[in-house]
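Colleague: I'd like to learn how to read a few features off a model. Can you walk me through some?

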Amino acid sequence: MTGGKRGPRRHGGRLRARLEGWLRQHRRGLLDSLAKIRAALPAHLMSAAVLSIALALPAGLFLVVEAGQRLLGDWDGPQRISLYLTDDTTPADARALAAEIGQRSAVGRVEYVSREQALAEFRQHAGVEEALAVLETNPLPITLLVHPQGRTDGERLTALRDELAGLAAVDSAQLDMAWVERWAAIMAALERTIAVIALLLALAVVFVSGNTIRLEIENRREEILVTRLIGATDAYVRRPFLYSGALLGLAGGLGALLLLALAALATGPAIDHLLETYHLGPPPRFFSAGESLALLATATLLGWLGTWLTVQHHLVRLEPGRAGNSAGP
Amino acid sequence: MIEFDRVSKRYPSGLQALRGISFGLGRGQLAFLTGHSGAGKSTLLKLIPLIERPSGGRLLIDGTDVGGLPAARVPFYRRRIGLIFQDHNLLFDRPVFDNVALPLEIAGHPPLEIGRRVRAALDKVGLLDKERANPIALSTGERQRVGIARAVVNRPAILLADEPTGNLDPDLSREIMTLFEQFNQIGVTTLIATHDVSLIGDMDHPCIRLEGGELR
């Protein structure tokens with residue numbers, strides 16, 4: 001109602017004033033939301049705990065599958081066939097055979113592993129020391145590790161394995177690939193499962209945050225009606241709730257990270273031991289800073305989204321003049 | 001300032017609350033709206049801030065037909081109108097100061113200005129010493145005055161009051177009416193709905209009488 005002089009020279013000042021007003025409104029919305037959260041702290045903590053668990057589950061599974069895939073990645077490199085030679089093969093015969101196999105077009109390189117080398121490597125496995133002590137002689141055969149020429153598919157590899165298995169000096173030929181393929185299939189299935197679980201739990205986060213905020217809206221019904229009567233816009237009414245929802249999501253995300261860190265601490269030693277025993281790749285890692293931030297951002301966004309849907313639905317109902325809304329002259 | 005031109009209001013339930021209402025209230029005028037309960041006083045007052053929309057006729061505020069004002073613009077329109085309710089509609093979860101400051105906060109005024117204007121409004125209604133009190137600790141008359149302070153703090157062009165003295169004894173009612181007269185004297189167009197005929201009888205202001213949804 002109060003008119004002011006609006007010259008071009010005043011524009012910078014007006015823009016600044018509007019920006020300040022906007023920031024003030026947001027600060028008020030945030031403070032308002034914090035005050036309301038503090039007023040109903042137990043309920044909000046409970047919701048945040050539920051969100052934490054809902055978020056920790058898919059995030060934790062993601063870590064597990066990722067670790068599994070890294071194991072797979074480690075095995076992907078040495079795509080190879082192990083040839084265990086017969087006991088009566090001498091090292092000289094074995095080296096000659098290795099050279100002969102190395103000439104084949106499908107073969108890139110052949111590694112010669114002597115019985116002693118094999119034993120030394122085997123000794124590194126925990127718990128086999130005592131078993132070996134019982135044996136008087138080295139039970140391990142000479143092994144040739146055949147690396148195919150370039151990367152090749154499973155079928156051609158299998159064909160090569162069958163061909164090499166037919167050689168007289170070869171006791172058995174093992175293709176490490178079969179394992180790898182099976183493992184890859186398991187991981188792919190797990191990954192798909194996790195995607196579905198993650199989607200369902202994301203929906204749960206949206207509903208939980210929406211429901212928490214719905215209760216808050218009910219508690220502040222009168223306040224909303226009064227503020228609307230004195231000129232509050234939809235944005236003004238929505239703002240503190242959206243902040244509450246986003247903060248709730250953020251708290252859930254932080255809780256999920258905390259839960260996963262605790263779970264990692266609890267299971268870490270056992271997993272490390274398992275991996276060491278089977279000589280498998282490096283231990284699974286925790287989320288990187290970037291992934292942690294992505295998890296927090298997703299959680300915040302889901303909390304905000306749930307709130308937005310709820311507020312949108314309830315704002316329409318909380319319009320003064322609608323049946324059942326008593327505030328008004 | 002306020003002009004009703006054959007305005008009617010029919011609720012979705014089928015109730016015809018107002019029929020062909022025409023009257024005008026010039027800028028800076030004060031008028032009373034009287035009638036029995038159920039005569040349509042509340043409905044008429046609800047039309048001006050668009051809590052209800054007229055179903056027929058034209059409602060001109062400051063020369064503009066507001067009947068079809070888009071919903072998104074209604075909040076800004078309402079900021080030009082001060083509303084006072086019988087049950088004062090104060091929020092008991094915050095002190096008097098914050099209640100009065102609410103319209104200014106909604107409009108996004110800077111804190112210093114809010115402080116200045118809230119104190120000026122509280123001073124006007126004689127409650128400057130109660131700014132930190134919770135409205136729940138105040139008497140009914142004091143609460144009504146806080147409600148008035150909240151309605152005028154934004155310097156509205158129009159002041160609407162629905163039974164503002166409904167719960168007050170005659171002395172307090174008189175006091176409240178005097179306050180309205182004071183705001184009216186500084187140019188605020190004022191419309192007060194009341195059934196208290198004895199109170200307004202000795203005040204020299206026009207009176208709009210409603211009966212069964214029509215003007216008498």
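Colleague: Let's start with helix 3 of chain B: how many of its 12 residues are buried?

Modeller: Keep in mind that this is a predicted model. Buried means under 20% relative accessible area. By that cut-off, 9 of the 12 residues in helix 3 (residues 96-107) of chain B are buried, leaving the helix mostly covered.

Colleague: Which residues are buried in helix 3 of chain B?

Modeller: Among them are B:Val96, B:Phe97, B:Val100, B:Leu102, B:Leu104 and B:Ile106, and B:Asn99 is on the list too.

Colleague: Over to chain A. How many helices and strands are there?

Modeller: Chain A has 10 helices and 4 strands. Read from the N terminus, the order is α-α-β-α-β-α-α-β-α-β-α-α-α-α. Of its 329 residues, 39% are buried.

Colleague: And into which domains is chain A divided?

Modeller: Domain 1 takes 29-74 + 182-322, while domain 2 takes 81-176. Taken over C-alpha atoms, the centres of these two domains of chain A are 51 Å apart.

Colleague: What about charge: which residues gather in a patch of negative charge on the surface?

Modeller: That patch brings together A:Asp87, A:Asp88, A:Asp93 and A:Asp171. A:Asp87 sits in the loop that links strand 1 (81-85) to helix 3 (91-102) of chain A.

Colleague: Why does A:Asp87 count as exposed?

Modeller: Exposed means over 50% relative accessible area. A:Asp87 counts as exposed because its relative accessibility is 62%.

How values were computed. Residues numbered from 1 in each chain as written. Chains lettered and ligands numbered in written order. Predicted model: local features only at pLDDT ≥ 70, side-chain atom pairs only at ≥ 80, totals over all residues. Heavy atoms only, no water. Patch = residues over 30% accessible without salt bridge, like charges linked within 9 Å, V, L, I, M, F, W, Y side chains within 5 Å. Areas by Shrake-Rupley, 256 points an atom, 1.4 Å probe, with all protein chains shown as cover. Salt bridge = Lys/Arg side-chain N within 4 Å of Asp/Glu carboxyl O. Lys, Arg positive; Asp, Glu negative; His and termini not counted. Charge placed at Lys NZ, Arg CZ, Asp CG, Glu CD. Helix = DSSP H or I, 4+ residues; strand = E, 2+ residues; numbered from the N terminus. Buried < 20%, exposed > 50% of the residue type's maximum accessible area, 1.4 Å probe, protein only. Domains from an automatic or database assignment.
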